[in-house]
Amino acid sequence: MSERRSQLFGVMGEFSTPESLLAATKKAREAGYKHVEAYTPFPVEGLSEAVGFKWTAVPLLTLMGGVGGGLTGFGLQYWVAAITYPINIGGRPLNSWPAFIPVTFELTVLGASIFAVFGMLALNKLPQPYHPVFNVERFAQASTDKFFLCIEARDPKFDLVETSKFLQSLHAQHVNEVKDEE
Amino acid sequence: MSGDDKLPGGHEPEPWIEPGHTYASVTDKISSVVLTRPLGIGWLLGFAFLFGIVMVLNLAIGWLITKGVGIWGINIPIGWGFAIVNFVWWIGIGHAGTLISAILYLLNQKWRTSINRFAEAMTLFAVACAGLFPLIHTGRPWMAYYMFPYPSTMGIWPQFRSPLIWDVFAVSTYGTVSLLFWFVGLLPDLATLRDRAKSRWQQVIFGVLSLGWRGSARHWHRYQSAYLLLAGLATPLVLSVHTVVSFDFAVGIVPGWHTTIFPPYFVAGAIYSGFAMVLTLAIPLRKAYGMEGFITLRHLEQMAKVMLATGLIVAYGYFIEFFMAFYSGNKFDVFLAKQRLHGPYAPFYYALILCNILTPQLLWFKKVRRNIPALFVMSLIINTGMWLERFVIVVISLTRDFMPSAWGRYSPTVWDYATFVGTLGLFTMLIFLFVRGLPAIAISEMRELVHEDSHGSEGHS
């Protein structure tokens, strides 16, 4: 890249085991850093709590999708069979709700699943093709066998030299600056 | 199906992954099949052959659209024939993928990890083949949208009290949810492929597909939450789909169909045939790509045990069908039961019993469960048996219903066979493309497995 203005996004340290990353993340939080993010090639138990992330709206969204899907399913069938297109077959009730259960169930599952998946993607702000962490060359290993801890520049306690030293003191193998190109 | 408890003798059970693997070696091994391995002559020849069969399918469907469903062997009273037999067979095969992915995930069964990805792909392809049959069976597939509720200018709406409409919703929901589940599972692996791709076009394709996944702790947290919820949702879904398919039969009053055992026995049969198909695919696949370290003998044995268990449920279903026919004393049901044993299609029934009930009893023996060629042959036999089951159900009941004046005979034409063989070719061709285009084993889950193994199983499964 030629002379493009770039600003600092943060500092990133590399670890080779999930345990060392987890320990380092906890220490970073204990040291008072707030804007910390960890990157791993597979989910590591306890890591999201360690970066200070506790609650996700995914289950709530899923519930909403399910309730919405179910109501849509039953409402559609009731409206079709009892209101807009009633067919009298031997005087049987128009709102024959037991016969409406399969479609109601299927649409409940469909609504909940769609909300779960797209809710998860939206909350994760995906798709997001560009992110500053991708500028670090070694970060390609984050999807194979390396574990990364990034302390972001927007953190009030952040200082390029101090934070880099701090990461080194946690036995990070490589400490890189993360540049954000504008 | 115990997970990783100690064996009675006190020694550790065989591991689910070959010892000595690291995060990187697992990643390398699986991703290299997609990224670097050149296309071999075997793959190319196989693909060309399968492509030819798909052209036969095209021809069969083209001729069907030109001439109408009269080119098939169906008639009145046998309006269903091969189309519905094949539909039920394919959709049944499509059950193993989601079962492995969802139910075994909820049950914390580690052995699902190395087989779930391609079982899910298999599910998608099988559902695609299944969906084709009712579509073309309408004779006018371009009018298939009539089945969906939409405000039409004719002012008519679908009949929501009909199992055939339930089927439309069940199968389309199942297809959609299976696709979502599969894609969510693929997401971290697509990011792995993006990061490891060497050529520009691979980087672009996998870069777009991976949506910018970067594996942050917050991402993983939401991801796992969504995955667990999807598993919880897909579990009742997979049971509902074949239940609804069985309603297509059981809600009708035709003898041999109108029984309450149908939903559970259809679901068991679906899982039975699905696992058979997973074995049919897994055995050549692990050999061809050297995946024996991931899909171990213990995995194959575990699948054989599931087949044995579901096969016994199916056997119970066959028994109850007979028992209820005679116990009810209903003369039509009794007659139909006797027709299965002595009617014109009796050889199919005996072949079915041989394939589905008698042969699989060999799986009681550990020697057979651990004999790979035997398992492969067994899986083919079971799939044949499950196809025969659907043939027996559809054809015998329709040829022998209430009045002798309404009896008939059914024999498929060359176009029936061409369509069926065509979908077999389509299914296998899609598997060929999938194996080389996407990681056939879930890489991130395998890394998790390596992690858990290296820290000893903490006995939480």
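**Exercise 1. Domains and overall form**

Into which domains is chain A divided? State also how the extent of chain A relates to that of a compact globule.

*Solution.* The model considered here is predicted.

Step 1. Chain A has a domain 1, made of residues 6–56 together with 130–181, and a domain 2, made of residues 58–123.

Step 2. The centres of domain 1 and domain 2 of chain A, taken over C-alpha atoms, are separated by 44 Å.

Step 3. The C-alpha trace of chain A spans about 85 × 40 × 30 Å along its principal axes.

Step 4. The radius of gyration of chain A is 25 Å, whereas a compact globule of 182 residues would have one near 16 Å.

Step 5. A pair of residues illustrates the extent: Pro93(A) and Arg29(A), 64 residues apart in sequence, are 64 Å apart in space, C-alpha to C-alpha.

**Exercise 2. The elements of chain A and their sheet**

Determine how many helices and strands chain A has, and describe the sheet that the strands form.

*Solution.* 

Step 1. Chain A contains five helices and four strands. Read from the N terminus, its elements follow the pattern β-α-β-α-α-α-β-α-β.

Step 2. The four strands form an open sheet in the order β2-β3-β1-β4 (chain A), and the pairing is antiparallel.

Step 3. Because β2 and β4 (175–181) of chain A stand at the edges, each with a single partner strand, one side of each has no neighbour in the sheet. From one strand to the next, the twist averages 30°.

Step 4. Helix α1 (residues 18–30) of chain A lies across β1, β2 and β3 (147–152) of chain A, and its direction is at about 15° to that of β3(A).

**Exercise 3. Strand β1 of chain A**

Identify the partners of β1(A) and explain why this strand is described as largely enclosed.

*Solution.* 

Step 1. Strand β1 (residues 6–15) of chain A is joined to β4(A) by seven bridges, and the two run antiparallel. Two facing pairs may be located here: Leu8(A) stands opposite Lys179(A) in β4(A), and Gln7(A) has Asp180(A) as its bridge partner in β4(A).

Step 2. With β3(A), strand β1(A) pairs over six bridges, also in the antiparallel sense. In this pairing, Glu14(A) has Phe148(A) of β3(A) as its bridge partner.

Step 3. A residue is buried if 20 or more other C-beta atoms lie within 10 Å of its own. Seven of the 10 residues of β1(A) are buried, and therefore the strand is largely enclosed by the rest of the structure.

Step 4. For chain A as a whole, 43% of the 182 residues count as buried.

**Exercise 4. The contact between the chains**

How many residues of chain A are in contact with chain B? Describe the side of chain A that takes part.

*Solution.* 

Step 1. Contact is made between 51 residues of chain A and 47 residues of chain B.

Step 2. On the side of chain A that touches chain B, β2 (36–39), α2 (47–50), α3 (58–84) and α4 (97–123) of chain A each supply at least two residues. The largest share, 16 residues, is that of α4(A).

Step 3. Sorted by class, this side of chain A has 35 nonpolar, 13 polar and three charged residues.

**Exercise 5. Backbone exceptions**

*Solution.* 

Step 1. As background, most residues other than glycine have a negative phi, and most peptide bonds are trans.

Step 2. In chain A, a cis peptide bond joins Leu126(A) and Pro127(A), with omega of about -5°. Pro127(A) is in the loop between α4 and β3 of chain A.

Step 3. In chain B, the peptide bond from Ile76(B) to Pro77(B) is cis, and omega is near 15°. Pro77(B) belongs to the loop between α2 (41–67) and α3 (81–93) of chain B.

Step 4. Lys125(A), not a glycine, has a positive phi of about 55°. Lys125(A) lies in the loop between α4 and β3 of chain A, and it counts as exposed because it has 12 C-beta neighbours inside 10 Å.

Step 5. Asn108(B) likewise has a positive phi, near 60°. Asn108(B) is in the loop between α4 (95–106) and α5 (116–137) of chain B, and with 11 other C-beta atoms within 10 Å, Asn108(B) is exposed.

Note on methods. Residues are numbered from 1 along each chain as its sequence is written. Chains are lettered from A and ligands numbered from 1 in the order in which they are written. This is a predicted model: local features need pLDDT of at least 70, side-chain atom pairs count only at pLDDT 80 or more; totals for chains, interfaces and linings use all residues. Two residues are in contact if their C-beta atoms, placed from the backbone, lie within 7 Å. Ala, Val, Leu, Ile, Met, Phe, Trp, Tyr, Cys and Pro count as nonpolar, Asp, Glu, Lys and Arg as charged, and the others, Gly among them, as polar. Two strands pair if DSSP finds at least two bridges between them. Axes are lines fitted to C-alpha atoms, for helices over the stretch in contact, and angles run from 0 to 180 degrees between N-to-C directions. Domain bounds come from an automatic or database domain assignment. The radius of gyration is taken over C-alpha atoms; the globule rule is 2.2 Å times the number of residues to the power 0.38.
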